[in-house]
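Good morning, and thank you for joining this group meeting. I shall present one structure and ask you to follow it on the screen.

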Amino acid sequence: MVTVDLIAPLTRFLEANAAIRRDKLVAKRRKGLETAVSAAFQKQGRLFLRSLGQLKGKFQESVNPADWIPYWNAAARDSKLDFNDPLQVAILDMLILGGGDLIAGLGIAADEQEELGISWNLENPRAVEYARQHAAEQVTKINDTTRSYLNSMISQAVDEGWSYDRLSDAIGARFTEFAAGGDNPRSRRVAVYELGDAYEEGNRIAAKELQTAGLEMEKKALTAGDDRVRPSHVDNAAAGWIDIDEPFPSGDMRFPADPGCRCATLYRRKQLTPEEKRQRELRREREEIDRLFRQELEQTDTSTTGFILPPPGRAPRGQGQEYADRRAIAARINTQIKFRAQLQSKLDRYRGQKNRRYEMDIATTRVQELTKAIDNALQIADGPGDWDFKRELVNGIFEYLSATTRRQ
Ligand SMILES: [Zn+2]
């Protein structure tokens, strides 16, 4: 069959397509975010250099971090929103695109989403919160990196006795480089990484929402497939489909693991092995039987036949026969209750055994018949009439049941 031979390559194609789709969306949005980040670097550089100018006179002697760090902190603070706001908007946008692709890829239509209680749009609270928090974290990271660049430049300048103008030019050049230097400036690397990372995070959040709504999900690592993939990430892919809450062999929960990682994470509804499917079916069956049993038992108060028994001790004169009748009725009903318990434990043993289906059906019917008879006997014992008459009726009920059972 040709079809069978096509399934594996077709699956690989569709899987690889997930990463291709991500990278296309990143490429489309990259320019906008890169421009904003680039402008933020330039503004930050201008702010920093302007205040650093106050140290010009001091520069002939010595400058230490305590002198310039306050200026840096102020520049970072005053340029914070220039980084943060475009990042937050772009991240939220990509989160929703990523999650939307995941939900669509699983074939979950809008009405089914509604049934599952998932609203995947720009107002999704988890996505909004992630974008807000993650953008702020990334701005802090970007600024930490910039500060350490500045630190080494200024240390070098002091050590080597640079003039203030030389240092100022070097710092200005460095910020220009962050903004637009070379063919892959820092502003572009930030934009590309954050967009791709947000797309992947959108996949993850949406998959988790589906899982919370009751769909069992699993995930798989997809590498770029060339010889530049680090060995530990090759191992991640080799692990195949794993539980969504389990870490990959490298310890990562999803990809990209860092800006150098080109891996993607795939998600799908959990595929059960034939054995897992069988186990699940059996579990459902057992739960159904348990439910039926509980129903039956609740219908009949089998807690005690104590009310039938006469008061303890010897019977008063003239009541000997009544005492004997009451004990006999209680004993008869108790025997039947015990018998029913035996049938039930037999049913317990049959559970999970497919070939015992027929025996289970019979035992279930017997339990139901017996429950009805016990129920009737208890009602008779509790009702009006002489005890010797009730004893006859109760005996009759169980004899009738055993006669009809034998006939079958
Ligand atoms: Zn990787």
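Let me begin with strand 1 (217–222) and strand 2 (242–243), which pair in the antiparallel sense over 2 bridges. Strands here are DSSP runs of type E with at least two residues, helices are DSSP runs of H or I with at least four residues, and both are numbered from the N terminus. Two strands count as paired if DSSP finds at least two bridges between them.

Before I go further, a word on the source. This is a predicted model, in which local features need pLDDT of at least 70 and side-chain atom pairs count only at pLDDT 80 or more, while totals for chains, interfaces and linings use all residues. Residues are numbered from 1 along each chain as its sequence is written.

To return to the sheet: it is open, its 3 strands lie in the order 2-1-3, and the pairing is antiparallel. Strand 2 and strand 3 are the edge strands, each pairing on one side only. Within the sheet, Lys219 stands opposite Ile242 of strand 2. The loop between strand 2 and strand 3 contains Pro256, and a cis peptide bond, with omega about 0°, joins Phe255 to Pro256.

What lies across strand 1 and strand 3? The element in question is helix 7, which runs at about 20° to strand 3. That angle is taken between N-to-C directions, on a scale from 0 to 180 degrees, with axes fitted as lines to C-alpha atoms, for helices over the stretch in contact.

Let us now turn to the whole chain. It has 12 helices and 3 strands. Its radius of gyration is 38 Å, whereas a compact globule of 408 residues would have one near 22 Å; the radius is taken over C-alpha atoms, and the globule rule is 2.2 Å times the number of residues to the power 0.38. The C-alpha trace spans about 125 × 65 × 35 Å along its principal axes. Of the 408 residues, 26% count as buried, meaning that 20 or more other C-beta atoms, placed from the backbone, lie within 10 Å of the residue's own.

How many residues make up the largest nonpolar core? There are 46, and Val37, Ile91 and Ala207 are among those with the most contacts inside it. Such a core is a set of buried Ala, Val, Leu, Ile, Met, Phe, Trp, Tyr and Cys residues joined through C-beta atoms within 7 Å. Helix 3 gives the most to this core, with 11 residues. A second, separate core of 13 residues includes Ile329, Ile333, Leu370 and Ala373.

Ala207 touches Leu102, Met217, Ile244 and Tyr267, leaving aside residues up to four places away in sequence; a contact requires C-beta atoms, placed from the backbone, within 7 Å.

Finally, I come to helix 5 (125–160). Its 36 residues reach 53 Å from first C-alpha to last, close to the 52 Å expected at 1.5 Å a residue, where the expected span is 1.5 Å times one less than the number of residues. Among the buried residues of helix 5 are Ala127, Ala131, Ala135 and Val139. An α-helix has 3.6 residues a turn, so residues three or four places apart point the same way. The cover over the buried residues of helix 5 includes helix 2, helix 3, helix 6 and helix 7. Just after helix 5, Gly161 takes a positive phi of about 65°.

Technical notes:
Buried ≥ 20, exposed ≤ 12 C-beta atoms within 10 Å, placed from the backbone. Contact = placed C-beta atoms within 7 Å.
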